[in-house]
Amino acid sequence: MRTVKEVSELTGISVRTLHYYDEIGLLKPTKCSEAGYRLYDDKALELLQRILFFREFDMPLKEIKSIMDNPMLDKNQILKSQKKMLELKKERLQRLISSIDDILKGENKMDFAVFNQSEIEEMCQAMISNMPKEQKQIITGQYGSVEEFQKHFMEQAAGERAQKNFQKMVEWYGDKESVISAAKNSDNPKLMQSYQNRMDEIMKKLAGKLGTEVTAFEVKEIIGEYDFVSKQYYQVKDAKTLVLELAAAYEKSDKMRKVLDEQYGTGMTDFFVRALREFYKD
């Protein structure tokens, strides 16, 4: 057993922070001594190590707590996904360094051109081809058919916001060809299905709170988990804009509202939208 001071010296985490983790239930001491001092065993240190890993990704404490408290979440898979994101970021930084070297030499090979319509259509087709069957069923329920979804995607892709996102993708991958290749060669359908299953479990959990105030901690905790999985699924650092746009779409579309209410219970759409806006409000 180690005292708070010993754990602090071992990990570099302040005693005050460890006390706070105890107060919010993120990392409870293994036991307390007769004198009331917190004591931690090796298992508690392993949990602390996981917490520190997640903190390295700038993840809010409430999201980390949701992960640590949820036995349904595959924590190792989450870490593997985060590792992959860091590796991609590392590669991107290396490409940017090389590009700066080229600029300093008077050469600039970086291509920041926006995708044309045929390239966008090619990526959209690849994305649909790589979708799990269940996801296609969800899309069909929301848009009427996969073809209608594709039409909607192409219309949205012509917008200014989408064009800016495409520029970011080109910057991330280094060139357009790499982005298209990544879209066409997605070989992780099992992981995507895993995220879909987790989303479904979260929505069922939220449905169990139907009628509860959206300001309640237990509702915010569930939405915090939804936010985290959304970041993993869409591979974005901040899912706020994307998720709030989804909430607006549910409000406007009677078809989407009907599908969600039929799947999780009458009134679920309104509850879900209000819970999202409460969670993300400034």
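A residue is called buried under 20% relative accessible area, exposed over 50% and partly exposed in between (1.4 Å probe, protein chains only). Tyr226, with a relative accessible area of 8%, is therefore buried, and Phe272 is buried at 1%.

The model is predicted: local features need pLDDT of at least 70, side-chain atom pairs count only at pLDDT 80 or more, and totals for chains, interfaces and linings use all residues. Residues are numbered from 1 along each chain as its sequence is written, and side-chain values use heavy atoms, with hydrogens and water left out.

Searching the whole structure gives 3 aromatic pairs. Rings of Phe, Tyr and Trp (its six-membered ring) pair if their centres lie within 6.5 Å; planes under 30 degrees apart are stacked, over 60 edge-to-face and the rest tilted. Two of the pairs share Phe272:

| Pair | Centre to centre | Angle between planes | Class |
|---|---|---|---|
| Tyr226 and Phe272 | 5.3 Å | 75 degrees | edge-to-face |
| Tyr250 and Phe272 | 6.1 Å | 75 degrees | edge-to-face |

Tyr226 lies in helix α12 (residues 217–234) and Phe272 in helix α15 (residues 268–280), 46 residues apart. Tyr250, in helix α13 (residues 240–252), is 22 residues from Phe272. Helices here are DSSP runs (H or I, at least four residues), numbered from the N terminus. Tyr250 is also buried, and Tyr226, Tyr250 and Phe272 form one aromatic cluster.

A nonpolar core is a set of buried Ala, Val, Leu, Ile, Met, Phe, Trp, Tyr and Cys residues joined through side-chain atoms within 4.5 Å. The largest has 45 residues, and Tyr226 and Phe272 are among those with the most contacts inside it. Helix α15 gives the largest share of this core, 8 residues.

Definitions and conventions: Helices (H or I, at least four residues) and strands (E, at least two) are DSSP runs, numbered from the N terminus.
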